[in-house]
Amino acid sequence: MCAVSRQVLPEDRLIRFVTSPEGDVVADLKARLPGRGMWLEGRRPVIEEARRKHVFDRALKTKAKVADDLGDQVAALLKSQLLGRLGLAARARQVVCGFAKVEAALRSGEAICLVHAVEAADDGRNKLAGAARQGLASTGTDEPLLVAHLTTAELGLALGRPHVIHAAVLDGAAGRSFHDAALRNLRFDNEICQQPPEREHDIDVADRR
């Protein structure tokens, strides 16, 4: 249950928080750290509200030290988790890179996530959006999740290759793990990144409901 809204939500929509031995509030993304914990819906505005209203003190039953930049800390942890799972998917051969390979994966319906670097040009994004639409029409598969907030440097480090602009994550256990982490990551700032017809990747979750 979210300590702010009091709503009961699936665990993948929540983030657990605990206090460190020094009394600092830290996010426990894997929900494995010892000690008394509390849960918040995994969205930045909810975490900010909990900080402003001293919800951490009440839920953790201690005088917790809450950093002013706790939201940024959580966002960084979520991104690190996302990049780690991208690397695992690559090692499982469930990631393809390069425009032609990504386009083919989209047209065939194999791609469950489409990844653009922040630096990607509009024409490349739009051409791959067209390939995704063709894949949907011909295969009837689910719309690939669009991840468009990672830099070329971050993608290259995760994938072990330089200058990655476009990538497609394929279906499979590791690919699905990345997909789940991407959803969690993007929901944090109220973004949902299904493949749009144009370059409109900053869409509020509520607009998709």
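Biologist: Where does D171 lie?

Modeller: D171 is in the loop between strand 7 and helix 7; helices (H or I, at least four residues) and strands (E, at least two) are DSSP runs, numbered from the N terminus. Residues are numbered from 1 along each chain as its sequence is written. This is a predicted model, so local features need pLDDT of at least 70 and side-chain atom pairs count only at pLDDT 80 or more, while totals for chains, interfaces and linings use all residues; side-chain values use heavy atoms, with hydrogens and water left out.

Biologist: What does D171 touch?

Modeller: D171 touches Q94, E110, I112 and R176, not counting residues up to four places away in sequence. Contact means heavy atoms within 4.5 Å.

Biologist: How does D171 count for accessibility?

Modeller: D171 counts as partly exposed, because its relative accessibility is 48%. Buried means under 20% relative accessible area, exposed over 50%, and partly exposed in between (1.4 Å probe, protein chains only).

Biologist: And how far apart are D171 and R36?

Modeller: They are 37 Å apart in space, C-alpha to C-alpha, and 135 residues apart in sequence.

Biologist: On to helix 7. How many of its residues are buried?

Modeller: Eleven of the 15, so helix 7 is mostly covered. Among the buried ones are F178, H179, L183 and L186.

Biologist: What covers them?

Modeller: The cover includes helix 3 (70–91), along with strand 1 (14–19), strand 5 (111–117), strand 6 (145–150) and strand 7 (166–170).

Biologist: What is the angle between helix 3 and helix 7?

Modeller: About 165 degrees, with the axes 8 Å apart. That makes helix 3 roughly antiparallel to helix 7, a label for angles over 145 degrees. Axes are lines fitted to C-alpha atoms, for helices over the stretch in contact, and angles run from 0 to 180 degrees between N-to-C directions. Residues making the contact include L78, L82 and R85 of helix 3 and A174, F178 and A181 of helix 7.

Biologist: What span should helix 7 have?

Modeller: 21 Å for residues 173–187, and the end C-alpha atoms are 21 Å apart, which agrees. The expected span is 1.5 Å times one less than the number of residues.

Technical notes: Angles under 35 degrees count as roughly parallel, over 145 as roughly antiparallel, 65 to 115 as roughly perpendicular and the rest as oblique.
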